[in-house]
Amino acid sequence: MSAAEGSEDGLPPLREVIAAHGLAAKKSLGQHFLLDLNLTRRIARAAGDIGSQEVIEIGPGPGGLTRALLMEGAKRVIAIERDDRAAAALAEVQAAYPGKLELVQADALEVDEADHISGPARIVANLPYNISTALLLKWLSIEPWPAWLTSMTLMFQKEVAERIVAAPGSKAYGRLSVISQWRCEAFIAFDVGARAFTPPPKVVSSIVHMTPRAMTGDDPTLRSVERVTAAAFGQRRKMLRASLKQVFTDPEGACASAGIAPTERAERLDVPAFLALARLLDAGAG
């Protein structure tokens, strides 16, 4: 794919930005840069109405998605980047969009995003592959849910994206599926081939759009959902009456109370079934 020669924002093509600032992607940081502004603008549009709320971006690198978000009318972008090399390139974007871009030089796993926003916000990011799942679980753990979070539009390896949206009974279905689908409505918006990136990864990537679900008074605690899913999927080939011994003194009784056959396996339980088990833990049935 081509770089953005003659781009609408008047900034240099991204390949020139990378060369000028010595921004070759670092494998240790999980970096794969998107250089086609047509593609990054498509990602920005997939995020929905970014003109009315602030946008948090993780790992902006040379600023391809950052520029797209601003070109598509983002109210304000908070870009979190741990690679100090990107600062000069992003300073050029800041100059082109005065007051619209804040750079937070920090590790995204350690940042409290709420400290940098003024109200509800969306997360839009081409996530570093090596921490993508950890970042998602961090955001899914926001309490009280969903607090300031309006939506997430995130790039993952396709394999991870499929785990997020997987249905019960499929090989991809697991702990990440249950927690993601309990907290959010999620779907894969579109795939992105390896050739769209510099350097090209060895896998296809996917954009996943996630919209938080409102919690009800009947929802269990996150801790109990995490404990039940960790036990059940930690031994996913075993029947629940065996795998749930880690969290219930009487796993067969717990399954009966939740309306689940104790001979079932984790991969066949739907999200409401896991929530029923988690509620039992909350009630002291462990």
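Colleague: Is Pro60 buried or exposed in this predicted model?
Modeller: Pro60 is found in the loop between β2 and α3. Buried means under 20% relative accessible area. Pro60 has a relative accessibility of 5%, so Pro60 counts as buried.

Colleague: And how far apart in space are Pro60 and Leu127, C-alpha to C-alpha?
Modeller: In sequence, 67 residues separate the two. Pro60 touches Thr66, Ala79, Ile80, Glu81 and Leu90, once residues up to four places away in sequence are set aside. From C-alpha to C-alpha, Pro60 and Leu127 are apart by 8.9 Å.

Colleague: Over to the largest pocket: which residues lie nearest its centre?
Modeller: About 330 Å³ of space lies in that pocket. Its lining takes in 27 residues, with at least two each supplied by β1 (33-34), β2 (54-58) and α3 (64-71). Nearest the centre are Gln31, Ile58, Gly59, Glu81 and Pro128.

Colleague: Now Arg122: which side chain of opposite charge is nearest, and how far away?
Modeller: Arg122 is found in strand β5 (residues 121-126), and it's buried yet has no salt bridge. A salt bridge needs a side-chain nitrogen of Lys or Arg within 4 Å of a carboxyl oxygen of Asp or Glu.

Colleague: Which side chain does the side chain of Arg122 make a polar contact with?
Modeller: Beyond four places in sequence, Arg122 is in contact with residues including Ala47, Gln53, Glu54 and Ser151. Its side chain reaches the backbone oxygen of Ala47 at 3.3 Å. The side-chain partner, at 2.9 Å, is Ser151.

Methods: Residues numbered from 1 in each chain as written. Predicted model: local features only at pLDDT ≥ 70, side-chain atom pairs only at ≥ 80, totals over all residues. Heavy atoms only, no water. Helix = DSSP H or I, 4+ residues; strand = E, 2+ residues; numbered from the N terminus. Buried < 20%, exposed > 50% of the residue type's maximum accessible area, 1.4 Å probe, protein only. Lys, Arg positive; Asp, Glu negative; His and termini not counted. Polar contact = N/O pair within 3.5 Å; in protein donor to acceptor, adjacent residues only side chain to side chain. Contact = heavy atoms within 4.5 Å. 1 Å grid on protein atoms, 1.4 Å probe; cavity = no way out; pocket = protein on both sides within 12 Å on 5 of 7 lines; lining within 4 Å. Points joined across faces, edges and corners; volume = space filled by probe spheres on them.
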